[in-house]
Amino acid sequence: MEVVSSRTGIGMRRKHRSRSELSGWLFASPAILGLLIFTLGPMVYSLYMSFTDYTGSNSPTFIGLDNYKRMFSGEDQYFYKSLGVTFYFVILSVPSGIIYSFLLAILLNQNIKGKAIFRTIFYLPSIVPVIAISFIWLWLLNPDLGLANELLRSLGLPGSQWIFGEKSVVPSLALMNLWTTGGTMIIFLAGLQDIPRSLYEAIEMDGGTRLAKLRHITIPLMTPTIFFNLIMGIINGFQVFSQAYVMTNGGPNNASLFYVFYLYREAFQFSRMGSASAIAWVLFVIIMVLTYIVFKTSNRWVYYEGDGTR
């Protein structure tokens, strides 16, 4: 009887586990199907399209690596140009965005009157549509009537061509990018509030200054948050598109021809869908490699308080 009862109990537990697993799969199925249909499926199909001469109006014909050869051989003069412009933008915008939002978060983490209002003010631009922001900055950076040059002239400084100059267009767009770092600031603010107050009190007892607190407590304990924002900044930086599309159309003289805007032109202006798919996969590989490098080097500078390692 005991053996039969034991076997019956095991069978009931297995049956209950099977039902639980089935329920779990049923609840997860919308997300899984969405991933397969709307993400992985199109990715696999675009990989196939990158080896064809598809234009949107013809039947895809397999041409092997011709699209990739056209890019890397220099036959397509805009490939390396767009890569250079995008790398330049990322180099300017990612470090400046992280430093600016980090310092802003430190300021808004102080016990000051009305800090909730200030946090809201600095966060609001990050939820405004990029198209609206682009039109606002088109006026601000107008060389003749814009507020930016008016402020410079009032200080006795020469004006700038901003987005209308070949040398100044990418730095101008990187400057504009600082206005939308509210999301990054909020993440930093959450990280700052997670730092134990007792650590600051300990360094105060040892006569530590504000700079010592920043150097020995704040920055080390914020490195995981900096690491996360760095990864997201690189990914978002390489996918910048709307500003060039709305404000500069890739100009002047292709000086703001960002990589995704170049991809857009190949696909929807020149109807070279196969080539655009190859361009997209090169971007995927670049982002993946850079993300991998950041992850591999993170153990040298990212501090995790839980295990005491870097």
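Helices are DSSP runs of H or I with at least four residues, numbered from the N terminus, and strands are runs of E with at least two.

**Figure 1. Secondary structure of the protein chain in the predicted model.** Read along the sequence, the chain follows the pattern α-α-α-α-α-α-α-α-α-α-α-α-α. The protein chain holds 13 helices and 0 strands. Its radius of gyration is 26 Å, well over the 19 Å that the globule rule gives for 310 residues, so the chain is more spread out than a compact globule. The C-alpha trace spans about 100 × 75 × 35 Å along its principal axes.

**Figure 2. Burial, contacts and surface of the protein chain.** Of the 310 residues in the protein chain, 35% are buried. Among contacts between residues at least 6 apart in sequence, 62% join residues at least 24 apart. The protein chain exposes about 18800 Å², and carbon and sulfur atoms supply 65% of this area.

**Figure 3. Charges of the protein chain.** The chain carries 23 positive and 16 negative charges.

Figure 4. Lys-213 counts as buried because its relative accessibility is 17%, and buried means under 20%. Leaving aside neighbours within four places in sequence, Lys-213 is in contact with Tyr-200, Ile-203, Glu-204, Gly-208 and Thr-218.

**Figure 5. Polar contact between Lys-213 and Glu-204.** The side chains of Lys-213 and Glu-204 make a polar contact at 2.6 Å.

Definitions and conventions. Residues are numbered from 1 along each chain as its sequence is written. This is a predicted model: local features need pLDDT of at least 70, side-chain atom pairs count only at pLDDT 80 or more; totals for chains, interfaces and linings use all residues. Side-chain values use heavy atoms; hydrogens and water are left out. The radius of gyration is taken over C-alpha atoms; the globule rule is 2.2 Å times the number of residues to the power 0.38. Buried means under 20% relative accessible area, exposed over 50%, partly exposed in between (1.4 Å probe, protein chains only). Contact means heavy atoms within 4.5 Å. Accessible areas come from the Shrake-Rupley method with a 1.4 Å probe; for residues, only the protein chains shown count as cover. Lys and Arg count as positive and Asp and Glu as negative; His and the chain ends are not counted. The place of a charge is taken as NZ of Lys, CZ of Arg, CG of Asp or CD of Glu. A polar contact is a pair of N or O atoms within 3.5 Å; within protein, one must be able to donate a hydrogen and the other to accept it, and residues adjacent in sequence count only if both atoms are side-chain atoms.
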